[in-house]
Amino acid sequence: RVAITAGMTIFVAKDYPKWQEVTLNHLKSNYNPSADLPFPENQVILQQLKTMAEVKPMLKKVMPFVAFVKSQVKEKGPSVLESHLSFIESEVFEQNRGYILRSLDLDSLDICEASSYHDQKLVGDVCPGKPMCKFEKRELDPVDKPSAQVTFVNIQPCTPFFKQSLNIYDTDTIEDIIARLKRADRKLKAKQVEVYRYVDPVKGPRQLLAFDQPMMWNKRKLEKLEKIEYCQSSGLKSGQNLIGDTLCYVVS
């Protein structure tokens with residue numbers, strides 16, 4: 001059975017696109033809650049927005065956006081007309097990271113600013129208060145790649161994370177390995193995990209841990225994008241460094 005890891009990216013936006021921000025500000029300045037019609041007629045709004053340089057290139061989208069804003073004001077009140085949220089959206093998701101991971105049974109969660117994402121077509125509709133989610137799945141245990149079993153030891157004292165053995169596959173990244181660790185021990189799901197190798201892969205695992213200095217004995221952190229290679233004669237390697245049959249991990 002092939003294990004699958006699931007990840008999700010949440011895209012958020014601090015600001016509206018400029019044409020939407022100008023449109024919102026225009027609607028806000030013409031909003032009269034005490035009138036029979038709290039907004040001017042659509043034709044009047046369109047004629048006024050046509051004269052604004054930021055809105056002109058988006059005229060095909062502006063009236064559907066105006067209709068949407070009007071319906072939201074009717075449903076939720078005039079706070080919809082604000083061009084910025086009263087809270088930081090990414091912080092809310094960050095504070096609820098553990099809950100999201102557990103409730104959706106995810107292995108990873110990234111929170112990304114939409115304006116910095118490489119595919120702007122994908123995130124073009126993201127705006128304040130309207131985030132977008134992207135789900136990704138990948139195989140954790142590829143059946144067509146050579147592998148070796150490695151023991152992972154948590155070197156921190158007084159933690160509930162114990163030794164476990166997992167397969168590491170040729171061309172795995174450390175990110176893949178961390179996802180596999182989290183899948184094997186669900187207590188790790190909402191935690192930050194770092195993986196370390198021993199400088200001496202034979203002697204290192206045999207040295208006693210120093211209770212107050214668990215990072216002693218020349219451990220070296222493996223970065224998430226580092227790739228692991230499998231060599232039939234020498235085993236697993238990271239770059240030119242042999243890994244051996246034991247790695248250690250740290251949880252925060």
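In the predicted model, a nonpolar surface patch of about 230 Å² is formed by Leu-85, Phe-87 and Val-92. Of these residues, Leu-85 is located in the loop between α3 and α4. Leu-85 has a relative accessible area of 33% and is therefore classed as partly exposed, since this value falls between the limits of 20% and 50%.

Glu-82 pairs with Lys-28, with 3.0 Å between the closest N and O atoms. Because Glu-82 lies in the loop between α3 (59–76) and α4 (89–95) while Lys-28 belongs to helix α1, this pair ties together parts that are 54 residues apart in sequence. The two partners fall in the partly exposed class: Glu-82 has a relative accessibility of 36%, and Lys-28 has a relative accessible area of 39%.

A search of the whole structure gives 5 salt bridges, including the Glu-82 pair described above. Side chains of opposite charge can pair when their charged atoms come close. Another of these pairs involves Arg-180 and Asp-172, whose side chains meet at 2.9 Å, N to O. Arg-180 and Asp-172 are both buried. A further salt bridge links Lys-187 to Asp-185, where the closest N and O atoms are 3.2 Å apart. In this pair, Lys-187 is partly exposed, at 44% relative accessibility, whereas Asp-185 is at 12% and so counts as buried, the limit being under 20%.

In contrast to the partly exposed Lys-28, Gln-20 is buried, with a relative accessible area of 12%. When neighbours within four places in sequence are left aside, Gln-20 is in contact with Phe-65 and Cys-127. The C-alpha atoms of Gln-20 and Glu-54 are 8.8 Å apart in space, although the two residues are separated by 34 residues in sequence.

An open sheet is built from 3 strands, arranged in the order β8-β9-β10 with antiparallel pairing. Strands β8 (228–231) and β10 (241–242) stand at the edges; each has a single partner strand, so one side of each is left without a neighbour in the sheet. Strands of a sheet pair through backbone hydrogen bonds, either parallel or antiparallel. Strand β9, comprising residues 235–238, is joined to β10 by 2 bridges, and these two strands run antiparallel. Within this pairing, the bridge partner of Lys-237 is Leu-242 in β10.

Key: Residues are numbered from 1 along each chain as its sequence is written. This is a predicted model: local features need pLDDT of at least 70, side-chain atom pairs count only at pLDDT 80 or more; totals for chains, interfaces and linings use all residues. Side-chain values use heavy atoms; hydrogens and water are left out. Buried means under 20% relative accessible area, exposed over 50%, partly exposed in between (1.4 Å probe, protein chains only). Contact means heavy atoms within 4.5 Å. Two strands pair if DSSP finds at least two bridges between them. Helices (H or I, at least four residues) and strands (E, at least two) are DSSP runs, numbered from the N terminus. A salt bridge is a side-chain nitrogen of Lys or Arg within 4 Å of a carboxyl oxygen of Asp or Glu. Patches are made of residues with over 30% relative accessible area and no salt bridge: like charges are joined within 9 Å, nonpolar side chains (Val, Leu, Ile, Met, Phe, Trp, Tyr) within 5 Å. Accessible areas come from the Shrake-Rupley method with a 1.4 Å probe; for residues, only the protein chains shown count as cover.
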